[in-house]
Amino acid sequence: MFTSAQQDDARTPRDPRVAVSLAQLQALEFQARGFSFLPRQPVRSVLSGRHRSKLRGRGLNFEELRHYRPGDDIRTLDWKVTNRTGKPHVRVYGEERERSVLLLIDQRVSMFFGSRNAMKSVVAAEVAALAAWRVIASGDRIGGIIFDDDHCHAFAERRSRGHVLAMLGQLAASNAALRPGRKSNAGQLNAAMDALLRRLSHDALVIYIGDGHGFDDATQKLIKRIAL
């Protein structure tokens, strides 16, 4: 969490192109419209694309048939399709559509660079705020990890405006603490991904917002594990 001193720093008026404020991120709540994170039919599905989301619970209305994944309820196995294809398939129903969305937000020194419009770190913070506001407006849970060169600040998935404000407070504090002249910690990207992987729930949507500084073979392996 962020300290009171950091929070005050995050609220201090500065050039909004260089350092974002909590008030600035909070104001984006009213602009988080006109887009959705609901995916179309999954590519691996044996059905074609007329369904809104692959992230559903059990209910009365059948939504789709897809390959079994670790963590699926074995009671939903469709034995006829499993026997016919030779691979386990589950039936997914669409009464409950609650899901978790996890943001992985980069606020390292490598992000403290930009053009006349804004620093990359500011753009990343604004994109994260828009995503967070949109997620809770859709009734889903939001969480994630905000990481800088020294720390990974983790937030559990919750569905409340207060929780979003707590995340954005830390995001604004991390953003305000950025200063030029320091070497960015390339290894922190993998550390943040590893921390997120340990918190990742089944069928959660992960959104990474950053410049990819420090991407290597280990990063690629972590991404593959996250995508499972």
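Modeller: Happy to! Helix H4 (residues 120-137) and helix H5 (residues 161-176) have axes that come within 10 Å and cross at roughly 175°. Angles over 145 degrees count as roughly antiparallel, and H4 and H5 are therefore roughly antiparallel to each other. On the H4 side, the contact is made by Ser121, Val122, Ala125, Ala128, Ala129, Ala132, Trp133 and Ile136. H5 brings Arg161, Val164, Leu165, Leu168, Leu171 and Asn175 to that contact. By class, the residues where H4 meets H5 are 11 nonpolar, two polar and one charged. Please keep in mind that this is a predicted model.

Now for the sheet. Four strands make up an open sheet with mixed pairing, in the order E5-E4-E3-E6. Its edges are E5 and strand E6 (205-209), each of which has a single partner strand, so one side of each is left without a neighbour in the sheet. On average, neighbouring strands of this sheet are turned by 10° against each other, direction ignored. H4 packs on the sheet as well, where it touches strand E3 (100-106), E4 and E6. The direction of H4 makes about 170° with that of E3.

Strand E4 (residues 141-147) and strand E5 (residues 152-158) run antiparallel and are joined by five bridges. Together E4 and E5 form a hairpin, with four residues between them. Phe147 has Cys152 of E5 as its bridge partner, while Ile142 is paired in the same way with Arg158 of E5.

The crossing of H6 and H7 is left-handed. From H6, the residues in contact are Leu189, Asn190, Met193, Asp194, Leu196 and Leu197. Those of H7 are Ala218, Thr219, Leu222, Ile223, Arg225 and Ile226. This contact of H6 with H7 consists of eight nonpolar, two polar and two charged residues.

Conventions
Residues numbered from 1 in each chain as written. Predicted model: local features only at pLDDT ≥ 70, side-chain atom pairs only at ≥ 80, totals over all residues. Heavy atoms only, no water. Pairing = 2+ DSSP bridges. Helix = DSSP H or I, 4+ residues; strand = E, 2+ residues; numbered from the N terminus. Axes fitted to C-alpha atoms, helices over the stretch in contact; angles between N-to-C directions. Parallel < 35°, antiparallel > 145°, perpendicular 65-115°, else oblique. Contact = heavy atoms within 4.5 Å. Nonpolar A, V, L, I, M, F, W, Y, C, P; charged D, E, K, R; others polar. Left-handed = near helix turned anticlockwise from the far one by under 90°.
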